[in-house]
Amino acid sequence: PDPGTLASVLTEGVKNTIGDSRVKVTYEPEYVPAVPPAMPDIPPEQLAGMIKATVKVEVLDGNIAYLKIQHIIGEEMAQKVGPLLLEYIWDKVLPTSAMILDFRSAVSGELSGIPYIVSYYTDSEPLIHIDSVYDRPSDITTELWSMPTLLGKRYGTSKPLMILTSKNTLGVAEDVAYCLKNLKRATIVGENTAGGTVKIDKIKVGDTDFYVSVPVAKSINPITGKSWEIDGVAPH
């Protein structure tokens, strides 16, 4: 009689059967499918203001940069507000002698932001194969490579980089942490990450108000041949 209880019982059953905590059954009579927002037609200054709200930047004692990021923006957005990001964030942290990236509450992001972030901590040459993402609905594998040119200067490969993680670090931020860890460019400090996915779809079950959330893409790291999904990224 109680659809919510049925959904949680089904979720437990699925988890115990396939061992994947990302697959969930939910009962949502009010659910409206999210339409991916088009690039908002608002002034770059206003966009930059929105980004500032999800990023905290400080220079700590000992000339250490601290960047707290909650959402990893994609390449398109970065291109649009790039000069403002350089002025607000990057120019402040470039002269520091070490950096802390705080991903403890980073729960969302765009796939195209992965090579963007990783490239700031690698050399322009040679280009590095960072990640491969297989998308099941389209049956296409996309290779992510480091970028030869960037807005502003790179932080480089020699200064220490720490990434703070928590059990809430999810999705794209996990991918960035895993890439930089396996490139031996960053030290991961904190908790094992959530073990999410780069892409999840919510599928309606027949003519009901039940939905199944299922990962529909898989990240495979070219260095390890494995994924950070399900198990998460382990800290050093």
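Let's start at one residue: Tyr134 stands opposite Thr141 in strand E8. On another strand, E13, Tyr134 stands opposite Lys218. Before going on, note that this is a predicted model, in which local features need pLDDT of at least 70 and side-chain atom pairs count only at pLDDT 80 or more, while totals for chains, interfaces and linings use all residues. Residues are numbered from 1 along each chain as its sequence is written, and side-chain values use heavy atoms, with hydrogens and water left out.

Strands here are DSSP runs of E with at least two residues, and helices are runs of H or I with at least four, numbered from the N terminus. Two strands pair if DSSP finds at least two bridges between them. E7 and E8 (residues 140-145) run antiparallel and are joined by six bridges. The two form a hairpin with four residues between them, and Asp139 in the turn has a positive phi of about 60°. E7 also pairs with E13 (residues 217-220), again antiparallel, over four bridges.

Now to an open sheet of five strands. Its order is E2-E3-E5-E9-E10, with mixed pairing. E2 (55-60) and E10 (187-190) stand at the edges with a single partner strand each, so one side of each has no neighbour in the sheet. E2 is joined to E3 (residues 64-69) by six bridges, and these strands run antiparallel. Within that pair, Val59 has Ala65 as its bridge partner in E3.

Next, the largest pocket, which holds about 880 Å³ of space. A pocket is an open set of points on a 1 Å grid over the protein atoms alone, with protein on both sides within 12 Å along at least five of seven lines; lining residues have an atom within 4 Å of a point. The volume is the space filled by probe spheres set on the points, which are joined across faces, edges and corners. Of its 27 lining residues, Thr197, Val198, Lys199, Ile200 and Asp201 lie nearest the centre. Strands E6 (108-109) and E11 (200-204) are the elements that give two or more residues to this lining, and E11 gives the most, with three.

Note on methods. On a 1 Å grid over the protein atoms alone, a cavity is a set of points where a 1.4 Å probe fits but cannot get out, and a pocket is an open set with protein on both sides within 12 Å along at least five of seven lines; lining residues have an atom within 4 Å of a point.
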